[in-house]
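User: Please take a close look at a single part of the structure shown below, namely the charged side chains and their pairing. Then relate that part to the remainder of the fold.

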Amino acid sequence: MAEARDFYGDSGEYADAAEPRMLRCGDLVLDESRWTVHRAGTLVDLSPTEFRLLAYLLRHQGSVLTRTQLLQQVWGRGYTGQSQVVETYVSYLRRKLHRLGPPLIHTRRGVGYLLRGADQAGPDQAGPDQAG
């Protein structure tokens, strides 16, 4: 939880919040206060980095996020490792989430990734898109 507080900039009031912080997309539910993720009612075990990446994708669902944005926001501006880490962790999330339901994480070739549910497809989402 200390890592979660550091990531979200929490000063300690987080544990006292009366309302849980939930992020949703279709049957995917991420509970920030309990540090849990459920897909189709099934608990999904995620690493801290997978959790942060999924939370960021959920906060910006429907928007295409670039590799650079994800690196800066999930791994931090001081990250000096390989940029392919984004693809690796997106792959981990897909493997864990997509076995429980329709694909939620989509690749926009040459641009980045977006998270959206089947009910969020619309005219603004047209164009080449892959879920794998």
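Analyst: Arg 21 counts as partly exposed, at 34% relative accessibility; buried denotes a relative accessible area under 20%, exposed one over 50%, and partly exposed the range in between, for a 1.4 Å probe and protein chains only. The model is a predicted one, in which local features need pLDDT of at least 70 and side-chain atom pairs count only at pLDDT 80 or more, while totals for chains, interfaces and linings use all residues. Residues are numbered from 1 along each chain as its sequence is written, and side-chain values use heavy atoms, with hydrogens and water left out.

Arg 21 forms a salt bridge with Glu 32, their closest N and O atoms being 3.5 Å apart; the term requires a side-chain nitrogen of Lys or Arg within 4 Å of a carboxyl oxygen of Asp or Glu. Arg 21 belongs to the loop between α1 (2-8) and β1 (22-25), and Glu 32 to the loop between β2 (28-31) and β3 (36-39), so the bridge ties together parts that are 11 residues apart in sequence. Helices (H or I, at least four residues) and strands (E, at least two) are DSSP runs, numbered from the N terminus. A network of salt bridges links Arg 21, Glu 32 and Arg 59.

Altogether, the structure holds 6 salt bridges. One of them joins the side chains of Arg 39 and Asp 27, at 2.5 Å from N to O. Because Arg 39 lies in strand β3 and Asp 27 in the loop between β1 and β2, this pair ties together parts that are 12 residues apart in sequence. Arg 39 is buried, with 1% relative accessible area, while Asp 27, at 31%, is partly exposed. A further salt bridge brings together the side chains of Arg 34 and Asp 31, with an N to O distance of 3.1 Å. Here Arg 34 is exposed at 59% relative accessibility, and Asp 31 is buried at 4%.

Trp 35, in the loop between β2 and β3, has a phi near 60 degrees, a positive value in a residue other than glycine. Trp 35 is partly exposed, at 23% relative accessible area. Ala 40, located in the loop between β3 and β4 (42-43), likewise has a positive phi in a residue other than glycine, near 55 degrees. Its relative accessible area of 45% makes Ala 40 partly exposed.

Three of the strands form an open sheet in the order β5-β7-β6, with antiparallel pairing; pairing requires at least two DSSP bridges between two strands. The edge strands β5 (65-66) and β6 (105-108) each pair on one side only. Between β5 and β7 (residues 112-115) the antiparallel pairing spans 2 bridges, and Leu 65 stands opposite Tyr 113 in β7. Helix α2 (residues 48-59) lies across β5, β6 and β7, at about 75 degrees to β7. Such angles run from 0 to 180 degrees between N-to-C directions, and the axes are lines fitted to C-alpha atoms, for helices over the stretch in contact.

In helix α3 (residues 67-75) the buried residues are Leu 70, Leu 71, Val 74 and Trp 75. Seen down the axis of α3, they fall within an arc of 100 degrees, so they line one face of the helix; the arc is that of the directions from the helix axis to the C-beta atoms. Helix α3 packs with helix α4 (residues 85-98) at an angle of about 80 degrees, their axes being 10 Å apart. That makes α3 roughly perpendicular to α4, a class covering 65 to 115 degrees. Across this packing, Arg 67, Leu 70, Leu 71 and Trp 75 of α3 meet Val 85, Val 86, Glu 87 and Tyr 89 of α4. Just after α3, Gly 76 adopts a positive phi of about 100 degrees.

For the protein chain of 132 residues, 38% count as buried. Of its contacts (heavy atoms within 4.5 Å) with a separation of 6 or more, 50% are between residues 24 or more positions apart.

How values were computed: Angles under 35 degrees count as roughly parallel, over 145 as roughly antiparallel, 65 to 115 as roughly perpendicular and the rest as oblique.
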